[in-house]
Amino acid sequence: GLSMKEMQAIAFKCGSDVPFFIIRKPAVVSGKGQKIRPILRKRRLWYVIVVKKGIKIPTGDAYKWFDNENRLTERNSYSIYRSEFDSVVRGGLDPDCLALHNDFEGAVYGRYPALRGLRDDIVLHGASDALLSGSGSAVFGYFNDQTSAKKCYNAMRRRHRGSFICLVRSI
């Protein structure tokens with residue numbers, strides 16, 4: 001019986017990324033997670049998500065490493081990111097799209113080469129690209145079609161036994 005705004009306010013108290021899951025639609029989230037703008041997508045994407053067994057990265061440590069190395073992306077122009085980002089969220093996947101970047105990768109991959117290897121393995125098995133998720137330790141690859149994603153998923157299950165591996169599609 002709660003309104004959407006009431007549910008999102010409660011969800012925000014649970015965590016800044018939780019309100020997004022209340023709307024159950026593709027959306028662009030900004031601010032501290034409280035600004036949610038639903039978007040329309042042309043198509044769904046497929047993802048293979050792998051969490052490497054035995055690697056746990058405390059978020060606080062990842063931020064310290066990042067701050068110490070002070071590695072900001074060279075492409076920090078908001079307007080450039082905005083146009084590339086809009087293209088991706090609306091369904092136009094370009095394998096060379098520079099908007100898909102995670103600044104934590106330099107700091108984390110340097111300390112956990114197995115995660116860089118996992119990323120490379122996912123790309124080798126057909127992903128359009130693969131990235132570290134947040135500050136780690138999950139790595140995900142994205143695919144334009146289900147067939148390619150399933151092939152990679154099956155390969156990851158064989159090659160990375162004991163790791164958490166799943167195949168999902170975007171909403």
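This is a predicted model: local features need pLDDT of at least 70, side-chain atom pairs count only at pLDDT 80 or more; totals for chains, interfaces and linings use all residues.
Biologist: OK, and what percentage of the residues is buried?
Modeller: Of the 171 residues in the protein chain, 36% are buried.

Biologist: How many helices and strands are there, and in what order do the elements run?
Modeller: There are seven helices and six strands in the protein chain, and, read from the N terminus, the order is α-α-β-β-β-α-α-α-α-β-β-α-β.

Biologist: What about contacts between residues at least 6 apart in sequence, how many of them join residues at least 24 apart?
Modeller: In the protein chain, 60% of those contacts join residues at least 24 apart in sequence.

Biologist: Let's turn to the sheet. What is the strand order in the open sheet of four strands?
Modeller: The order is S4-S5-S3-S6, and the pairing is antiparallel. S4 and strand S6 (164-169) are the edge strands, each of them pairing on one side only, and from one strand to the next the twist averages 20 degrees.

Biologist: How many bridges are there between S3 and S6?
Modeller: Strand S3, which covers residues 46-51, pairs with S6 over six bridges in the antiparallel sense; within this pairing, Tyr 47 has Val 168 in S6 as its bridge partner.

Biologist: And which strands of the sheet does H6 touch?
Modeller: H6 packs on the sheet and touches S3, S4 and S5, with its direction making about 160 degrees with that of S4.

Biologist: Why is Leu 118 classed as buried?
Modeller: Leu 118 counts as buried because its relative accessible area is 0%, whereas the cut-off for buried is under 20%.

Biologist: What is Leu 118 in contact with, leaving aside neighbours within four places in sequence?
Modeller: With those neighbours left aside, Leu 118 is in contact with Val 50, Lys 52, Val 139, Met 156 and His 160. As for Phe 140, its C-alpha is 9.3 Å from that of Leu 118, and the two residues are 22 apart in sequence.

Biologist: Switching to H5, which of its residues are buried?
Modeller: In helix H5, residues 104-111, the buried ones include Phe 104, Glu 105, Ala 107, Val 108 and Tyr 109.

Biologist: What covers the buried residues of H5?
Modeller: The cover includes helix H3 (59-69) and helix H6 (113-124), together with strand S4 (129-132) and strand S5 (138-143).

Technical notes
Residues are numbered from 1 along each chain as its sequence is written. Side-chain values use heavy atoms; hydrogens and water are left out. Helices (H or I, at least four residues) and strands (E, at least two) are DSSP runs, numbered from the N terminus. Buried means under 20% relative accessible area, exposed over 50%, partly exposed in between (1.4 Å probe, protein chains only). Contact means heavy atoms within 4.5 Å. Two strands pair if DSSP finds at least two bridges between them. Axes are lines fitted to C-alpha atoms, for helices over the stretch in contact, and angles run from 0 to 180 degrees between N-to-C directions.
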